[in-house]
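Thanks for coming, everyone. Please bring up the structure on your screens, and I will walk you through a few parts of it.

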Amino acid sequence: MDNFIQIDIYTSSEAIDGITGALVERGITGFVIQDSADFEDFLADKNANWDYVDDSLMGLKTVEPHVTVYVHDNAQGLEMLASIKELVNGYSQSNADGFYGNIRLELANVKEEDWANNWKQYYKPFRVGKSLIVKPSWENVEAGENDKILEIDPASTFGTGQHYTTKMVMETLEDVVKSGDRVLDLGCGSGILTIAAMLFGAKEATICDIFENAVKTASENIESNGFTNFKAHCGNIIEDKKLRAEIGGGYDVICANIVADVIIAMSPLFESFPKPGGKLIVSGIIDERVEEVKSALSQNGWKALSEKNEDGWNCILLSRD
């Protein structure tokens, strides 16, 4: 029988719709909402005919608003948990006005301190594409003559290579990165895509993420794989013109493994980053949003060269030529 991890995201009543929408963007379509505002709405319904309210509904009267999500207690589920943690951390960092209430994440079926240990039973070396082997530090592998070893340990940042979105980008990078290329990784997460690109021959990279923890973790992971020729930025390129100027242009390959809404918002900005003939790889797009993303990119001069789809997720390779 499958085991599940219960994730409770505590927030305000006003923020629930936005949070559930963000969860759907991450491929989570099943969740339970408990909100005291629902009880107040029920009482205020003048057209309701009732003379008994069961205990479960009465319990809503004092409940702290929260969204409950269940993920499998396996490699894919733990990767999804990392993505949800990033999401909640982002809300917490932007909560100066208190809109998100006492925003926090609690795990019901696994202790936080046990999370890293849970990875060890699931996270084994695995192959991606033709030559890449992804492994955690505690595992040894026998590499072939042409194999490239990418070592990365699970942390609180999304990107161990096991999720379809990350895996498809790495496969695409193997096909397009050439020796000496400059790579830009937007929404770098753990830094795994930058490491893969440099293993495939890229000579330098720039990484950027809106989360400080992601930039720190990515930088550490890149360096632990033996690469130092990279620049790291923290910030939101959609809102920060100065940051975009610092990142600059002339990149051979740009990666954006994020979500549909962010890719769409970035679509008018991508053109400032590539050199002539440069490639753009976008991923993290669920089936329901892929045509919308392609339309936004097309309107901004990008043409799809190839597409990958796995288990409801999409990765697109594009060029402006």
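I will start with the ground rules, then take strands, helices and salt bridges in turn.

This is a predicted model, where local features need pLDDT of at least 70, side-chain atom pairs count only at pLDDT 80 or more, and totals for chains, interfaces and linings use all residues. Residues are numbered from 1 along each chain as its sequence is written, and side-chain values use heavy atoms, with hydrogens and water left out.

Let's begin with strand β8, residues 182-186. Helices (H or I, at least four residues) and strands (E, at least two) are DSSP runs, numbered from the N terminus. Four of the five residues of β8 are buried, so the rest of the structure largely encloses this strand. Buried means under 20% relative accessible area, exposed means over 50%, and partly exposed is in between, using a 1.4 Å probe and protein chains only.

Which strands pair with β8? One is β9, residues 204-209, which runs parallel to β8 and is joined to it by five bridges. Another is β11, residues 251-257, also parallel, over four bridges. Two strands pair if DSSP finds at least two bridges between them. Look at leucine 184. Its bridge partner in β9 is threonine 206. In β11, leucine 184 stands opposite isoleucine 254.

Now follow the chain. β8, helix α7 (residues 192-199) and β9 make a right-handed β-α-β unit. Right-handed means that, with the strands pointing away from the viewer, the path from the first strand over the helix to the second runs clockwise.

β8 and β9 are also linked through side chains. Arginine 182 and glutamate 204 meet in a salt bridge, 3.1 Å from N to O. Arginine 182 lies in β8 and glutamate 204 in β9, so the pair ties together parts that are 22 residues apart in sequence. A salt bridge is a side-chain nitrogen of Lys or Arg within 4 Å of a carboxyl oxygen of Asp or Glu. By that rule, the count is 19. Glutamate 204 is partly exposed, at 24% relative accessible area.

Next, helix α6, residues 164-176. Is it mostly covered or mostly open? Mostly covered: 10 of its 13 residues are buried. Among them are Met168, Val169, Met170 and Leu173. The expected span is 1.5 Å times one less than the number of residues.

On to helix α8, residues 212-224, where we find serine 219. Serine 219 counts as buried because its relative accessibility is 14%. A polar atom of its side chain lies 2.8 Å from the backbone oxygen of valine 215. Beyond its neighbours within four places in sequence, serine 219 is in contact (heavy atoms within 4.5 Å) with Ile207, Phe230 and Ala232.

Glutamate 220 is partly exposed at 41%, while lysine 216 is exposed at 51%.

Last stop. Aspartate 261 forms a salt bridge with arginine 289, with the closest N and O atoms 2.7 Å apart. This pair links distant parts of the chain, 28 residues apart: aspartate 261 is in helix α10, and arginine 289 is in the loop between β12 and α11. Salt bridges that share partners join Glu25, Asp261, Arg289 and Glu292 into one network.

Key:
A polar contact is a pair of N or O atoms within 3.5 Å; within protein, one must be able to donate a hydrogen and the other to accept it, and residues adjacent in sequence count only if both atoms are side-chain atoms.
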